[in-house]
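Hi everyone, thanks for coming.

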Amino acid sequence: MQHIGGRWRWRRGPLRRRWDVVDAWLGLLTALALLLGVPVVGFSVGLATYGSQRVERAEQLAERRALTGRLLESVPSDPSATGFAAEMGQVPAQARWTAPDGRRHTTTVRVDPGTRKGAAVTVWTDAEGRPTAAPMTTAQAADDGVAAGLGTGMALGLFLLLVRWTGRRYLDHVRLAGWEREWAQIGPRWGRHHI
C-alpha cells in the first residue's frame, strides 16, 4: 500500500512527468499479470500436462501386460538391511514368472519391505514379453501436471517481476537524467537569488 500511496503517478500535477505515467502503467500491468495471468497460465499448463500424461498412461497400459510372478527371496522389514535405498517405500527383489509361451523367467521387481518368499508379485512385460517398468499411475500423471503448472507459474511470475524491476531501473535512470538536465538550466538561476 505504501507503494500505491507514495509513488502512484496517476494524478495530474506540475511535478508529474511522462515517465511517471509509464511507471504507473507498468506497475498496474505487472500487478494484473501476476494476479490474473500467472494463475491462468499455470493452471492451463498443468491441465495440458496432466492430459498428455493421461494419454501416455493409456498407451502404456495398452502396450504392457501384467503377469503374476512369485518372489524368490524374503525381503527384510528394514529396507536398509537389503543394501538398497527404498524408492517410494519399495526395494528390489528377485521374482520368477512364466511368460504366455510357457517359458520361465527371472527378473527384479520392486516390493514392499517385509514381503515373504513365494508371495505373488506383479511383473509387467512389453508386447514381446520382455520385463518392463509398470505403467504410470494416475497419481503420477497428476503429480506431473501439478509440478508443470506450479513451475510454469513461478517462472512466469519471476519473469514478470524481472521485467518490472528492469523497467523501473530504466525509468529511474531516465528520470534522474531529466532532473539533471533541468537542474543544469534552473540551478544557476536559483543560486543567484540567494547570494
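Let me start with a question: does Asp20 count as buried or exposed? At 4% relative accessibility, Asp20 counts as buried. By buried I mean under 20% relative accessible area, exposed is over 50%, and partly exposed is in between, with a 1.4 Å probe and protein chains only.

Before I go on, a word on where this comes from. This is a predicted model, so local features need pLDDT of at least 70 and side-chain atom pairs count only at pLDDT 80 or more, while totals for chains, interfaces and linings use all residues. Residues are numbered from 1 along each chain as its sequence is written, and side-chain values use heavy atoms, leaving out hydrogens and water.

Okay, back to Asp20. You'll find Asp20 in helix H2. When I say helix or strand, I mean a DSSP run, numbered from the N terminus: H or I with at least four residues for helices, E with at least two for strands.

So what does the side chain of Asp20 meet in a salt bridge? The partner is Arg175, at 3.1 Å from N to O. A salt bridge here is a side-chain nitrogen of Lys or Arg within 4 Å of a carboxyl oxygen of Asp or Glu. This pair links distant parts of the chain, with Asp20 in helix H2 (residues 18–63) and Arg175 in helix H3 (residues 138–192), 155 residues apart. Arg175 counts as buried too, at 6% relative accessibility.

Now look at Asp23 and Arg168. They form a salt bridge as well, with the closest N and O atoms 3.1 Å apart. Asp23 is buried at 4% relative accessibility, and Arg168 is buried with a relative accessible area of 16%.

Arg175 has another partner, Asp172, with 2.6 Å from N to O. Those two are 3 residues apart in helix H3, which means they are separated by about one helical turn. Asp172 is partly exposed, with a relative accessible area of 29%.

Put together, Asp20, Asp23, Arg164, Arg168, Asp172 and Arg175 are linked in a network of salt bridges. The structure holds 8 salt bridges.

One more charged residue before we leave the helices. The charged end of Arg18 sits over the ring of Trp19, 4.6 Å from its centre. The rule for that is NZ of Lys or CZ of Arg within 6 Å of the ring centre and within 35 degrees of the ring normal.

On to the strands. Two strands pair if DSSP finds at least two bridges between them. Strand E1 (residues 65–71) and strand E2 (residues 91–98) run antiparallel, joined by 3 bridges; there, Gly69 has Trp97 in E2 as its bridge partner. E2 also pairs with strand E3 (residues 104–111), antiparallel over 8 bridges, and Gln94 stands opposite Thr108 in E3. The hairpin of E2 and E3 has 5 residues between the strands, and in it Gly102 takes a positive phi near 95°. On the other pairing of E1, 6 bridges join it to E4 in the antiparallel sense, with Ala66 partnered by Trp124 in E4.

What do these strands share? The largest nonpolar core has 12 residues in all, including Leu67, Val91, Trp97, Val109 and Val123. Such a core is a set of buried Ala, Val, Leu, Ile, Met, Phe, Trp, Tyr and Cys residues joined through side-chain atoms within 4.5 Å. E1, E2, E3 and strand E4 (120–125) each supply at least two residues of this core, and E2 gives the most, with 4 residues.

Last stop is Thr107, which has its place in strand E3. Thr107 is buried, with a relative accessible area of 13%. Not counting residues up to four places away in sequence, Thr107 touches Ala93, Gln94, Ala95, Trp97, Val123 and Pro131, where contact means heavy atoms within 4.5 Å.

That's my tour; happy to take comments.
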